[in-house]
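Subject: Handover of a structure and its findings

Dear colleague,

Please find below the structure that I am handing over to you. My findings follow it.

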Amino acid sequence: MAKIAVTLGVLGLLLSQADWTRLIERLAHASPELLALGFAVKAMTIPFAAERWRMIGKAVGVRLSAWLSLRLMMASLFFGQVLPGALGGDLVRGWLTWRNGHAPTAVATALVLDRLAALAGVVILMFVGLPHLVTVIPWPLAAAVLAMTGCVGGGLVALVQVDRLPWVAGLAHPLAGRLRALSGNLRAALTHRGALEALGHSIAVHLCTIAATLVFAAALSIPIHPLDALAIMPFTITAMALPISLAGWGVREGSMVAGFALFGMVGDDALLISLLIGLSVTLMALPGGLAWLSLPTRPEPHQS
């Protein structure tokens, strides 16, 4: 209920303050070709994310065919539209992968590693866009953003080293044992070539979202510099992944309106671009229901 309240509250606030005449005029004069291209570019996030899941599975011993991985990703996206943040869809994908006959420990490790790969990809893009961002925000705020980004990166490193900490190694609690095992499994998986390939696919997923933002802006004749999108969208993507709203709705809109305002974009324009991104995600999630129904009820032969 709290997540529904966040979603409806933020969206309701933004939509109530929007200039609907301006929004309708923007849409009426939008380029259909560029709108279609924006949807197509955003849809490319699915095959890249599916390959990331397949590569990560390969790194932890979960063998998936490219076709099965694509269907698993589409099904998780479908269910993720009504579940909080990105984590709900992740859990559905993990359950469906486990149901396909894979060990629960390996699937759990793959889920954590997949989320870490997605986060690592967005952190890399944060650092790339940070020099442009600091040109429009006060230095104390820029330092805080840099510190936050560094803490996220440091947390990723710490997670795969936690089992080597003396005070953790000495704990006898079963949860501590599972944490040590997870940390060790993650560290071992990171040495696999598939983990590096997964990071590349993760960056590609985020770049598709940034590119779709630019294409939608062009379709609506909204001026936006590519560096502006590179500076703002990684933070928006991170906010959307938080389990505080349904499928990122509300959080995405608020983040984009506040972020692009730093570069002088009118709030209504940022809101309209954000709504188009959200609509594209919803539309490309719908076939995931069919993908879910097509999944095998018995384990497929695991590929090497």
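Are aspartate 114 and arginine 93 buried or exposed? Both aspartate 114 and arginine 93 are buried, where buried means under 20% relative accessible area, exposed over 50%, and partly exposed in between (1.4 Å probe, protein chains only).

Before the details, a note on the source. This is a predicted model, in which local features need pLDDT of at least 70 and side-chain atom pairs count only at pLDDT 80 or more, whereas totals for chains, interfaces and linings use all residues. Residues are numbered from 1 along each chain as its sequence is written, and side-chain values use heavy atoms, with hydrogens and water left out.

Salt bridges

Side chains of opposite charge can pair when their charged atoms come close. A search of the whole structure gives nine salt bridges, each being a side-chain nitrogen of Lys or Arg within 4 Å of a carboxyl oxygen of Asp or Glu. Aspartate 114 and arginine 93 form one of them, at 2.7 Å from N to O. This pair links distant parts of the chain, with aspartate 114 in helix α7 (residues 104-133) and arginine 93 in helix α6, 21 residues apart. Helices here are DSSP runs (H or I, at least four residues), numbered from the N terminus.

Arginine 93 also meets aspartate 90 in a salt bridge, at 3.1 Å from N to O. These two lie three residues apart in helix α6 (residues 87-99), about one turn of the helix. Arginine 93 has a relative accessible area of 2%, and aspartate 90, at 7%, is buried as well. A network of salt bridges links Arg52, Asp90, Arg93, Asp114 and Arg115.

In helix α4 (residues 45-60), glutamate 51 and arginine 54 are three residues apart, and their closest N and O atoms are 2.9 Å apart in a salt bridge. Arginine 54 is partly exposed, because its relative accessibility is 24%.

Nonpolar cores

In soluble globular proteins, nonpolar side chains tend to be buried together. The largest nonpolar core has 37 residues; such a core is a set of buried Ala, Val, Leu, Ile, Met, Phe, Trp, Tyr and Cys residues joined through side-chain atoms within 4.5 Å. Among the residues with the most contacts inside this core are Leu133, Phe216 and Ile273. Helices that each supply at least two of its residues include α7, α11 (193-219) and α14 (267-285). Another core lies apart from it, with 35 residues, among them Leu72, Leu111, Leu186 and Val281.

Leaving aside neighbours within four places in sequence, phenylalanine 216 is in contact (heavy atoms within 4.5 Å) with residues including Leu35, Phe39, Ile273 and Ile277.

Cavity

The structure holds one cavity of 30 Å³ or more. A cavity is a set of points, on a 1 Å grid over the protein atoms alone, where a 1.4 Å probe fits but cannot get out, and lining residues have an atom within 4 Å of a point. The volume of the largest cavity is about 40 Å³, a volume being the space filled by probe spheres set on the points, which are joined across faces, edges and corners. Its lining consists of Leu68, Leu72, Leu96, Arg99, Asn100, Leu295 and Pro296. Helices α5 (66-80) and α6 are the elements that give two or more residues to this lining.

Yours sincerely

Note on methods:
On a 1 Å grid over the protein atoms alone, a cavity is a set of points where a 1.4 Å probe fits but cannot get out, and a pocket is an open set with protein on both sides within 12 Å along at least five of seven lines; lining residues have an atom within 4 Å of a point.
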